[in-house]
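Work through these exercises with the sequence and the model side by side. Try each task before you read its solution.

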Amino acid sequence: MDFELTEAMTEVRDAARAFAEKRLKPGAAAWDEDEAMPPEVLAEAGRLGFFGLSVPEEFGGAGLDPLTVSAAMEELARGSAAFQGCVGVHGSLVCTALARFGTPEQKRRWLPRLASGECIGAYSLSEPSSGSDAGSLKTSAVLDGDSFVVTGTKSWVSNGGLAGLFLVFVSTSPASASRGISCLLVEKGLPGFTLGKKEKKLGLRASDTRELAFSACRVPRAALLGSLNGGFKIAMSLLDGGRIGIGAQAVGIAQAAFEEAASYAKARRQFGKPIAEFQLIQAKIADMAMNIDAARLLVRRAAARLAAGARCSKEASMAKLFATTAANRVVYDALQIHGGNGYVREYPVERLFRDARAGEIYEGTSEIQRLIIAREALRGR
Ligand code: COS
């Protein structure tokens, strides 16, 4: 399978890199402190097309394949993982959902606004008592005439406070567990739908993560995405792509930490010479470089498989698991190379250390990725 970037793919990656260098990297530390992203940066990203990378061209997007998108996501994350998380969830989980499962009317209504960034998307599967066991979710949606009446609480919703459209997974047939889940396209502002508290997170602090509360909220029947009770497979198949995005985010964070550590090691002098000349530092640099490379290759392989239209659950889980584990090792060593300076907010590596941790948890913990890989491997896939 070929997953080298072509010239056209490289151009997109370089555009993302340029935007990250100019607009994301300089602001990332302040946004982390503020626990918010400036609306003007989101608006500019929208104008430049970053919210529509994966949206088909007929709906105003760039219609790019997953390999190109993942290369762009890595670069955005290298500038600000919190910003990339916003664009990544929007693209890989929401735009893809509409493009793949939407009716012609749903596509016409939402995709152009999602592509321009005028409307940001959010994906809402988890609940306070249903995380890894996603099929046990309790938020209920009962058909009543032309609408579903939705009641319950969702949690950990990335982009919660920014989104205009929420993909909400609900139970439409509680007795059928995961085979009784449906996906609804819920517009912000519907009566009975309120945003809950914004989470105070360890990392990715500039991203807006919320709870959602539904109290007898009426959602039009026409807002059902895909088939009734067919939502769990939608949720899972979208997460295959989402997990490749988390892998790309991890590679971007790790690359940024590597660059910080390498330049610090060359500048910092101890015992009369730059610490980069000490072999114990070089061993860390070598391991960091190797792990980043290996992670990038796994992410690109998974993205290429997704681009080919093949089921890529195993490859996506491997990419996410390996890349997020590697990123956490890399930020650990990068902080160690900085010594005391790595432990304070003056240097970016402190934020990168915190940002990397989320990858081992969200969109499926490392334990769940191992479970998926083992299941697929034992089935001979
Ligand atoms: N693509 C398409 N279909 C999929 C799929 C995928 N990637 N993964 C599972 N399915 C299908 C299965 O084929 C099965 O279909 P049938 O009903 O026809 O047999 C159905 O979905 C149920 O799958 P499964 O039996 O594997 O479900 P489990 O309840 O055992 O759960 C795990 C599987 C644990 C893998 C799933 O719940 C999971 O990924 N949990 C983590 C959730 C998560 O990542 N949350 C983060 C949300 S974003 S913050």
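**Exercise 1. Which element gives the most to the lining of the largest cavity?**

Solution. 
- Step 1. A cavity is a set of points, on a 1 Å grid over the protein atoms alone, where a 1.4 Å probe fits but cannot get out. Lining residues have an atom within 4 Å of a point. Helices (H or I, at least four residues) and strands (E, at least two) are DSSP runs, numbered from the N terminus.
- Step 2. Note the source. This is a predicted model, where local features need pLDDT of at least 70, side-chain atom pairs count only at pLDDT 80 or more, and totals for chains, interfaces and linings use all residues. Residues are numbered from 1 along each chain as its sequence is written, and side-chain values use heavy atoms, with hydrogens and water left out.
- Step 3. List the lining: Ala28, Trp31, Asp32, Ser80, Ala81, Ala82, Leu204, Arg205, Ala206, Arg351 and Asp355.
- Step 4. Look for elements that give two or more residues to this lining: they are helix H2 (28–34), helix H5 (81–101) and helix H10 (348–358).
- Step 5. H2 gives the most, with 3 residues.

**Exercise 2. Which element supplies the largest share of the lining of the second largest pocket?**

Solution. 
- Step 1. A pocket is an open set of grid points with protein on both sides within 12 Å along at least five of seven lines. The second largest pocket has a volume of about 470 Å³.
- Step 2. The pocket is lined by 24 residues, and Ser54, Leu64, Pro66, Thr96 and Leu306 are the closest to its centre.
- Step 3. H4, H5, H7 and H8 each give two or more residues to the lining. H5 supplies the largest share, 8 residues.
- Step 4. By class, the lining has 13 nonpolar, 9 polar and 2 charged residues.

**Exercise 3. Is Gly91 buried or exposed?**

Solution. 
- Step 1. Buried means under 20% relative accessible area, exposed over 50%, and partly exposed in between (1.4 Å probe, protein chains only).
- Step 2. Gly91 lies in helix H5. Gly91 counts as buried because its relative accessibility is 11%.
- Step 3. Check its contacts (heavy atoms within 4.5 Å). Leaving out residues up to four places away in sequence, Gly91 touches Ser54 and Thr96.

**Exercise 4. Which elements do the buried residues of H10 pack against?**

Solution. 
- Step 1. The buried residues of H10 are Val349, Glu350, Arg351, Leu352, Arg354, Asp355 and Ala356.
- Step 2. They pack against H2, H5, H7 and helix H9 (313–338).
- Step 3. Compare with the largest cavity: Arg351 and Asp355 are among its lining residues.

**Exercise 5. Which residues come nearest to the ligand?**

Solution. 
- Step 1. Of the 19 residues around the ligand, Ser132, Arg179, Lys233, Arg243 and Arg375 come nearest.
- Step 2. Look for polar contacts (a pair of N or O atoms within 3.5 Å; within protein, one must be able to donate a hydrogen and the other to accept it, and residues adjacent in sequence count only if both atoms are side-chain atoms).
- Step 3. A backbone N or O atom of Ser132 is 2.8 Å from a ligand nitrogen atom. A side-chain N or O atom of Arg375 is 2.6 Å from a ligand oxygen atom.

How values were computed. Grid points are joined across faces, edges and corners, and a volume is the space filled by probe spheres set on the points. Ala, Val, Leu, Ile, Met, Phe, Trp, Tyr, Cys and Pro count as nonpolar, Asp, Glu, Lys and Arg as charged, and the others, Gly among them, as polar. A residue is near a molecule or strand if one of its heavy atoms lies within 4 Å of it.
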